[in-house]
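Colleague: Could you take a close look at one part of this model, the salt bridges and the helices they belong to? Please give the cut-offs as you go.

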Amino acid sequence: LGTNEVAWGNEATEVDMERSINMLAKIPTMIAADFRYRNSKKRIAPRTDLTLAENFYYMCFGKEPSKTVAKAFDISLILYAEHSFNASTFTSRVITSTRSDIYSAVVGGIGALKGPLHGGANEAVMNMMKEIRNPSRADAWIRDAIKTKKLIMGFGHRVYKQGDSRVPAMKSCLEDLTKWS
């Protein structure tokens, strides 16, 4: 579509593009403010001289990340965005196919992402790590989980039968981060 042609929601494509850019700028700011609030810290305003990843880190922790950390976070964001046809992407596409507005599509995608078998899986992994508490307890915990048929989060993905294609890039970032001090 041209910039003046009407998009799905009966509005010009440029209107949806502007809304997308605004959301991309504001949502990380809201998440960082919430993170700081939950940790009893004051909100930090975004800066115009930082990249999205650098700014998000800065607004959460009050200091600029190293280039190594910022690069790893950028790569992580790209890999999440390019994560095939997952539940949140599917949900957003279904909503837009009804000619609903972009805000509804994003909210629907976030709702799907929150689920414990999608984006919420990361939280489940953290809860599992807290339950294990110490690496010396990991073997016994895993053996018991297998024996009792407990769900073990963080190992594999149902979509990837030959392994997760994101792993090599993330492993490389992890190796870079282990050298960072």
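In which helix do Arg38 and Asp34 both lie, and how many residues apart are they?

Modeller: This is a predicted model, in which local features need pLDDT of at least 70 and side-chain atom pairs count only at pLDDT 80 or more, while totals for chains, interfaces and linings use all residues. Residues are numbered from 1 along each chain as its sequence is written, and side-chain values use heavy atoms, with hydrogens and water left out.

Arg38 and Asp34 both lie in helix α1, 4 residues apart, or about one turn of the helix. Helices are DSSP runs of H or I with at least four residues, strands are runs of E with at least two, and both are numbered from the N terminus. An α-helix has 3.6 residues a turn, so residues three or four places apart point the same way. Arg38 and Asp34 form a salt bridge, with their closest N and O atoms 2.7 Å apart; the term requires a side-chain nitrogen of Lys or Arg within 4 Å of a carboxyl oxygen of Asp or Glu. Arg38 counts as exposed because its relative accessibility is 65%, whereas Asp34, at 36%, counts as partly exposed. The classes are buried for under 20% relative accessible area, exposed for over 50%, and partly exposed in between, using a 1.4 Å probe and protein chains only.

The structure holds 7 salt bridges. One of them joins the side chains of Glu54 and Lys67, at 2.9 Å from N to O. Glu54 belongs to helix α2 and Lys67 to helix α3, so this pair ties together parts that are 13 residues apart in sequence. Glu54 is buried, with a relative accessible area of 10%, while Lys67 is exposed, with 63%.

Another salt bridge links the side chains of Lys150 and Glu131, also at 2.9 Å from N to O. Lys150 is in the loop between α7 (138-147) and α8 (167-179) and Glu131 is in helix α6 (residues 121-132), so the pair ties together parts 19 residues apart in sequence. Lys150 is partly exposed, with a relative accessible area of 36%, and Glu131 is partly exposed, with 38%. Salt bridges with shared partners also join Arg47, Asp49 and Glu64 into one network.

In α2, 8 of the 10 residues are buried, so the helix is largely enclosed by the rest of the structure. The buried residues are Ala53, Glu54, Asn55, Phe56, Tyr57, Tyr58, Met59 and Cys60. They pack against α1 and α3 (67-81), where contact means heavy atoms within 4.5 Å. Leu52 also lies in helix α2 (residues 52-61), but Leu52 counts as partly exposed because its relative accessibility is 39%. Gly62, with a positive phi near 80°, follows α2.

The axes of helix α1 (residues 13-38) and helix α5 (residues 102-113) come within 10 Å and cross at roughly 40°. The contact is made by Asp16, Arg19, Ser20, Met23 and Ile27 of α1 with Ile102, Tyr103 and Val106 of α5. Axes are lines fitted to C-alpha atoms, for helices over the stretch in contact, and angles run from 0 to 180 degrees between N-to-C directions.
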